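This briefing is intended to be read alongside the model, and its points are grouped by topic.

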Amino acid sequence: MFGLEALDLARIQFAFTISFHILFPAITIGLASYLAVLEGLWLKTHNDTYRDLYHFWSKIFAVNFGMGVVSGLVMAYQFGTNWSRFSDFAGSVTGPLLTYEVLTAFFLEAGFLGVMLFGWNKVGRKLHFFSTVMVAIGTLISTFWILASNSWMQTPQGFEIVNGQVIPTDWLAIIFNPSFPYRLMHMATAAFVATAFFVGSSAAWHLLRGKDNPAIRTMLSMAMWMALIVAPIQAVIGDFHGLNTLEHQPAKIAAIEGHWENKGNEATPLILFGWPDMKEEKTKFAVEIPYLGSLILTHSLDKQVPALKEFPPEDRPNSTIVFWSFRVMVGLGFLMIFTGLWSLWLRKRDSLYTSRPFLYLALWMGPSGLIAILAGWFTTEIGRQPWVVYGLMRTADASSNHSFMQMSITLIMFVVVYFALFGAGLGYMMRLVRKGPKISEGTETPDGGPGKKRTPARPLSAADDSADADHGDDVRLTKEI
């Protein structure tokens with residue numbers, strides 16, 4: 001069917017499930033740190049706005065965290081079901097790394113998550129804040145181990161191969177492999193930026209509906225400060241990451257650039273747009289800027305970038321896909337930087353919360369961080385092909401011996417279940433976002449904080465029927481957009 005084989009369906013299934021999964025940890029990482037900042041600011045300033053925002057976003061965090069855990073379990077099982085040969089070959093490395101993630105990050109998060117979500121009126125303020133910080137640290141530790149495993153597959157070291165299996169010889173070399181620091185920083189920063197635009201989009205949506213209060217303004221203000229500061233930092237990290245990739249995976253860079261061959265001693269141009277054709281071995285309709293490819297990738301005006309024709313056809317990544325996925329990621333990155341700069345200009349003119357063109361941009365930029373993360377992962381993983389462990393094991397040799405029919409049935413089941421289950425979860429989470437933060441009335445309220453009487457926070461019971469009353473406003477806003 002469509003020229004696909006069982007291996008292709010196994011790859012599609014893994015790509016589908018990990019694309020769903022990566023969205024939840026990204027928001028979990030960002031929201032956990034955001035909640036820690038909100039509670040810390042509340043403890044320091046006693047400003048109830050920060051506490052109200054904490055309760056609002058903790059409910060969304062709880063739903064998102066639950067979906068992340070469920071979708072993550074599926075990923076681990078697929079290594080044994082669809083990719084058993086890979087597990088047999090490299091399981092002695094990837095298995096312990098994933099185990100360390102469970103023993104450190106997951107247990108840390110799970111141990112303090114209950115206190116964070118349900119202990120507001122049962123423990124003291126300092127203990128509750130400590131729990132929130134521990135959950136935030138747990139999400140970052142989880143990122144550490146997951147990226148260590150993935151980075152080793154990209155730039156493997158610290159091992160030897162005995163009887164067709166990888167045997168670890170230096171765990172520090174395995175964990176801190178050449179691409180790991182760049183991937184860790186790139187992913188963690190991407191999670192913070194994606195969460196900032198998610199929060200900012202929520203605030204913009206409420207402001208466009210005429211719901212203007214200190215909590216909403218604080219959401220937008222904090223989100224735009226994060227975008228202004230972190231989005232340019234992410235661009236710098238991406239540059240270092242690109243230099244590292246050029247050193248260790250030059251074929252991936254050649255595919256990303258759609259660069260097929262060097263001409264004499266000429267510097268490499270940057271192809272802004274075009275259509276890389278894998279069969280004809282050229283990039284059609286190319287729009288080039290002379291010298292810029294060499295300047296960006298080698299930081300010189302005379303050095304050349306490796307070309308795809310320098311690698312055997314069977315070792316070339318699919319340039320058609322990674323060429324465009326990379327440009328989607330970079331294009332959204334520039335839009336994020338622009339949004340942050342525009343917010344600064346409006347802030348100085350005291351019109352950040354009233355400029356409707358900007359608010360519409362902030363609204364539509366809500367999913368931009370998550371789309372950029374997906375585009376970046378497609379670039380990274382497809383650019384590694386045809387290797388599952390770079391230079392050691394090909395993807396074709398890593399899959400289990402399943403039939404086309406078996407893979408077809410399971411792929412269809414995954415698609416149906418994922419859209420039904422996580423579609424409902426995402427719908428509920430967006431219902432919480434539409435509800436907005438509950439604003440305290442007056443300075444003295446019965447829900448004064450940890451250790452004091454208040455209505456318990458119930459993340460999974462937060463969106464009551466009153467959210468339905470906003471449906472008419474939602475329709476009107478949709479028509480206006």
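In the classification used for linings, Ala, Val, Leu, Ile, Met, Phe, Trp, Tyr, Cys and Pro count as nonpolar, Asp, Glu, Lys and Arg as charged, and the others, Gly among them, as polar. The model is predicted, so that local features need pLDDT of at least 70 and side-chain atom pairs count only at pLDDT 80 or more, whereas totals for chains, interfaces and linings use all residues. Residues are numbered from 1 along each chain as its sequence is written, and side-chain values use heavy atoms, with hydrogens and water left out.

**The second largest pocket**

- A pocket is an open set of points, on a 1 Å grid over the protein atoms alone, where a 1.4 Å probe fits and where protein lies on both sides within 12 Å along at least five of seven lines; lining residues have an atom within 4 Å of a point.
- The second largest pocket holds about 1,200 Å³ of space, a volume being the space filled by probe spheres set on the points, which are joined across faces, edges and corners.
- Its lining is made up of 44 residues, and those nearest the centre of the pocket are His186, Gly238, Phe326, Met329 and Val330.
- By class, the lining of this pocket comprises 26 nonpolar, 13 polar and five charged residues.
- Elements that each supply at least two residues of this lining include α4 (125–154), α6, α7 (214–248) and α12 (368–384), while the largest share, 10 residues, comes from α10; helices (H or I, at least four residues) and strands (E, at least two) are DSSP runs, numbered from the N terminus.

- Of the 29 residues of α6, 25 are buried, where buried means under 20% relative accessible area, exposed over 50%, and partly exposed in between (1.4 Å probe, protein chains only).
- Glycine 210, which follows α6, has a positive phi near 90°.
- Threonine 143, placed in helix α4, counts as buried because its relative accessibility is 6%.
- Leaving aside residues up to four places away in sequence, threonine 143 touches Ile29, Leu184 and Met187, contact meaning heavy atoms within 4.5 Å.

**Paired strands**

- Strands β1 (residues 159–162) and β2 (residues 165–168) pair in the antiparallel sense over four bridges, two strands being paired if DSSP finds at least two bridges between them.
- Isoleucine 161 has valine 166 of β2 as its bridge partner, and in the hairpin of these strands, with two residues between them, asparagine 163 takes a positive phi near 55°.
- Strands β3 and β4 (residues 282–289) run antiparallel and are joined by six bridges, with leucine 270 opposite isoleucine 289 in β4.
- Four residues lie between β3 and β4 in their hairpin, and glutamate 281 in the turn has a positive phi of about 55°.

**Backbone exceptions**

- Most residues other than glycine have a negative phi, and most peptide bonds are trans.
- The peptide bond from glutamine 385 to proline 386 is cis, with omega near 10°, and proline 386 lies in the loop between α12 and β5 (387–389).
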